[in-house]
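The exercises below concern charged side chains and their surroundings. Work through each task before reading its solution.

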Amino acid sequence: MVLLIVFPVHSSISHGLGAILIVYLLCTFPVAAVFRHWARTKAAMHHRMAHFKVEECSCCKEDDRQLVYRNIALLMRAIDVVGSQATDEDALDAFNELVRQRFPIAFAASVGRFGIGYLQAVSVFGCTYLPRWLDSMLDLDVSDLELWKWMLSCFTMVFAVFPLALAFGAWWSSFCLHLRGLREWAFMSCGCVMAFAFAAATYLFPMGFFFWHGSRVVGVAGMIVFVVTLTPPAIAAFNLQQFPWKRHREE
């Protein structure tokens, strides 16, 4: 979400942090609206694919329609989807069924689960959030564990926490598409608050315990644990729907 791009990393919990977080929370709503629009667009596409009929497709030159139908029928016979003696009508029906079965899987593999991939999400946060805090660490020595604790904290947010919150927001936006008006805003607001709460709570509490720990060694070790344990779920959240396509290709 937009708030995650500029989520603050403070050396102490400032008195103005609450107001800042409220502003960031409000910034999540436009992003949620984009995901909501994409969810509805994708649902409409899946409906069209589930009821696909080549007979209802547009043809650039209507005089060529019968030629296209004959070529499709030849293809269906060539790949043994229908028998060599099957009529063109049977071949077109088989083609329709083939598209309904396979195209949704290929579509999911092409655009991803949320319309944005894990690496794209990391790139967004890495190009905005990360440089800001790396610049503030220039005065720290490379042998100082405090530097590594800060860097690991930033990497955890960029590679794990932020993408997970973004994935949750996109996932939440795909539910209850029948809702409209105030009910839809209430539903989407719950998703925004939960995504924001996850990122904020993860940073302020479990990560904060290690970040503000008196021992720098313990702090660095804790941050390593967070990077290692949270990054794989973040990757999986963006790529789970691609697995059926891979299995299909192997079969």
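Buried means under 20% relative accessible area, exposed means over 50%, and partly exposed lies in between. The model is predicted.

**Exercise 1.** Classify Glu97 by its relative accessibility, then describe its pairing with Arg100.

Solution. Step 1: Glu97 has 36% relative accessibility, so it counts as partly exposed. Step 2: Arg100, at 26%, is also partly exposed. Step 3: a salt bridge needs a side-chain nitrogen of Lys or Arg within 4 Å of a carboxyl oxygen of Asp or Glu. The closest N and O atoms of Glu97 and Arg100 are 3.5 Å apart, and the two form a salt bridge. Step 4: both residues lie in helix α4, and because they are three residues apart, about one helical turn separates them.

**Exercise 2.** Is Arg65 buried or exposed, and which residue does Arg65 pair with in a salt bridge?

Solution. Step 1: the relative accessibility of Arg65 is 14%, so Arg65 is buried. Step 2: its partner is Glu62, with 2.4 Å between the closest N and O atoms. Step 3: Glu62 has a relative accessible area of 48% and is therefore partly exposed.

**Exercise 3.** Locate the salt bridge between Asp88 and Arg77.

Solution. Step 1: the N to O distance is 2.7 Å. Step 2: Asp88 belongs to helix α4 (residues 88–111) and Arg77 to helix α3 (residues 65–78), and the two are 11 residues apart. Step 3: Asp88 is partly exposed at 29% relative accessibility.

**Exercise 4.** How many salt bridges are there, and which residues are linked in a network?

Solution. Step 1: the count is five salt bridges. Step 2: the network of salt bridges links Arg36, Arg40 and Glu184.

Notes:
Residues are numbered from 1 along each chain as its sequence is written. This is a predicted model: local features need pLDDT of at least 70, side-chain atom pairs count only at pLDDT 80 or more; totals for chains, interfaces and linings use all residues. Side-chain values use heavy atoms; hydrogens and water are left out. Buried means under 20% relative accessible area, exposed over 50%, partly exposed in between (1.4 Å probe, protein chains only). Helices (H or I, at least four residues) and strands (E, at least two) are DSSP runs, numbered from the N terminus.
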